[in-house]
Amino acid sequence: MNYHHFQLISTALKLTRVKFVPFLLVFFAVCFSSEVVAQKKSAWVMGRVVGENEQPLGNVSVVILGRLKGVTTSDSGTFRLRVPADKAFAIVFSYTGFKTEQRNFLLNENEEENVVVRLERGTRELEPVVITDQRQRREAGLVVINPKNAINIPSPTGGIESLIKVFVGSNNELTSQYSVRGGNYDENLIYVNDFEVFRPYLVRSGQQEGLSFINPELARNVSFYNGGFQAKYGDKMSSVLDIQYKKPRNFGGSAYVGLLEQGLHLEGITKNNKFSYLVGVRNRSNRNLLKSQETQGNYVPSSWDLQGLLTYQINAKNSIELLGNISQTKFTLIPEFSQLTSSVFSPYFSANLGLDIYFQGREEDRYRTNMLGLSFIQSPKKNLRLKWMLSRFENDEREGIDITGAYLFGEREFDKSKADFGLINNPLGSGLYQTYARNKLNIEVWNASHKGMLDLGKHYLQWGQSAERQTISDKLHEWEYQDSAGYSLPYDPGNFILNKVLNSKANLTISRVTGYIQDNINVGGDSSGVIMQAGARYNYNDLNNELLISPRVGFSWKPAHWKRDVIFRGAAGIYNQPPFYRELRRYNGSVNKDLKAQKSWQVSAGFDYNFRSGNRPFRLTTEAYYKNMWDVVPYDIDNVRLRYFGENQARAYAAGFETRLFGELIKDAESWISLGFMRTREDLKGDKYYDYTVDDKGNVTDSTQKEMGYIRRPSDRLVTFGMFLQDYLSTNKNFKVYLNFLYGSNLPYNIPNSVKYRNALIIDPYIRIDIGFSALLLDSEKANRRSHSPFRNFENIWATLEVFNLIDRDNTISYMLIKDFSNTIFAMPNRLTPRLLNLKLVARF
């Protein structure tokens, strides 16, 4: 880390006027103040650059490592460069046709160093030409993500989703799922090469999850829309993740080995450029990650997948693509013991509370996913592209749980000088519970689609039609028994009653027909003027016979005569979400086939501003948004499991503001900061309760009926902050540092079966810092290797050490509700992962 990162944070704070982040400014100022002071002092490096025969070389680039600008040598090969004093730095000398040379220095203030640099003839790669994608500046809500950063970002799950969480926030490092602008996990669309993909549905917690469908080593383009997406995308209310896989041009590949995950990918093309292949295989085990959980036991998680994209170019105008995926995740847990601790502070009661649970039983889960998609692509004219697609997607899930827990609850001793340190010395409650489940789910989705694109210059027409058949076979059998102080809950002296019982079978076949038409209109030119995207889509399904029409429009405007590079953009439209498997299920397990789609109208507006600060390019984006939702299906969330009410019984809204700052603080090191503010509320129909007036003897003397009105939704989070920074040593570009920092303010948590206290519990703010250190073990300078070297065909090999949860914060994901002997309920937090280390080796060839 260096002064440039401090400068980015300072710039972000000035632009956003944030009140909650000043501690970041203080933190970085203290940590890096010595570097800031050092940069105010200067010295000089001067000298000559010559070739192999001592001939002077003119116009040689002389740049301090990490800087964007430097000087060039004169015709006589001389140069003079002002450099920082009292700190180590490197100067890079580069010239076309010669090998790049690097020199390291450490000079005192006002010291002058005279050097002679000799360059050897050899190959030097030309600097890549960076073409700014104006689409990411012109489309509302669009964030274009570099998939190469997915292997670098320090995060337990890794992948593309970890990069997305920097922008939208997170409250669980064990899952690849995310919520966007007040939505939930089911409100996000994911496409891979225009095929929609789905996630497992029975997963209860992040520790049961395996690999994400998306293999970042295969990805070429990643477009993420956090709202305001166009009519060509499907019917969800929150976001779209659009992935395009690579199109190989030559042979290559990569391999990586880590404590958590291993992977290999190969790509290539035949000599006649007709057939290309892109294949990736991955294996993951979270055992090292989960063994530090509060619930001790034998964790056996495993996940693997195989993906491939095969392309055959029939002729210049026609091609065929075949995308396939097969994956399996297994999770086995034999729990033994759990020790939870929490503190209570109030004017009436203060205590360090503990909950000790001893387990018997086991859990075994299995999730299988298969997907096969065939595409036929035609280009009969230069301005016309037609795509015909057929796909099959299947999720097959099994869940088996039979776990009994005996618990003791009370005050825990934290005085290390006492013999009962760590033990519960004042019991407040005891009991036993048993959780049993035998659940099966199979979802099969067949889809036939057509998409077309016609370029007419000022107009770019897009259209599509899709027919889909979904088959759902579902069997749920689960129950829960609770015993407190020897009494079965709920207590009924004459009967044995289980606390919760769920028995249900469902076999559904749903046919859907969807379509869209859209026109991208260019009024003016690409660099200025107005660009609009106007379109509409429809959706019909035979489950509830509901026809949905969703008009959507987006615009961008760049003032032609402004000196500043600013683009204003916005979007508005109708976003509907027809029900799928989870929304149809009521709490009692029954299926509501008459459930209507959740509906919303949404507006967003903001600007995109390119500017320079300290001779460095930056990009600032801001966007304000508002969602008005009706026919909402309320839900509760526990860890990653969503439980819907199965009824259209609420209205809701979400409003917020987001700003992001992108910048390459030092050359070839992309970094960004994201800050968001959001409020989302819902109003449930019939959520009424009574307040009772009680006299001194405990008798009810009066009652008042009240209605809750608008309350917090489960995803209501006021502040989200994300930061991803990259840096390397000032004297060695081959040693890099990656920092991933996430902050999210508190979230509500629901108290079951309570109208008055729905979503009344509070989950503390989520704060997490992950850091990674990478060192280059083998570079791409193949000419220096011997012909018999086993590494002669490798481009590079990197070794990485990652520290997860650097500050070792105990983040909370959910609560366990426990009753004491007086029937008072206490909430005991379930924590996420502590500080952990991970090692990783990445090779590319």
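In the predicted model, Asn-544 is placed in the loop that lies between strands β24 (529-541) and β25 (546-558). Its relative accessible area is 8%, and Asn-544 is therefore classed as buried, the cut-off being under 20%. A polar atom of the Asn-544 side chain lies 3.1 Å from the backbone nitrogen of Glu-546. When neighbours within four places in sequence are left aside, the contacts of Asn-544 are with Pro-579, Lys-593, Asp-594, Leu-595 and Lys-596.

The largest nonpolar core comprises 72 residues. Within this core, the members that touch the most other members are Leu-241, Ile-243, Tyr-245 and Tyr-581. Helix α4 (residues 159-168) supplies the largest share of the core, with six residues. For Tyr-581, contacts were also listed individually, not counting residues up to four places away in sequence. Tyr-581 touches Tyr-201 and Leu-202, Leu-441 and Ile-443, and Ile-472, Asp-474 and Leu-476.

An open sheet is formed by four strands, arranged in the order β3-β2-β5-β6 with antiparallel pairing. Strands β3 (71-72) and β6 (101-106) are the edge strands, each of which pairs on one side only. Strand β2 (residues 61-64) runs antiparallel to β3, and the two strands are joined by two bridges. In one of these strands, β3, Val-71 is the bridge partner of Val-62.

Key
Residues numbered from 1 in each chain as written. Predicted model: local features only at pLDDT ≥ 70, side-chain atom pairs only at ≥ 80, totals over all residues. Heavy atoms only, no water. Core = buried A, V, L, I, M, F, W, Y, C linked by side-chain atoms within 4.5 Å. Buried < 20%, exposed > 50% of the residue type's maximum accessible area, 1.4 Å probe, protein only. Contact = heavy atoms within 4.5 Å. Pairing = 2+ DSSP bridges. Polar contact = N/O pair within 3.5 Å; in protein donor to acceptor, adjacent residues only side chain to side chain.
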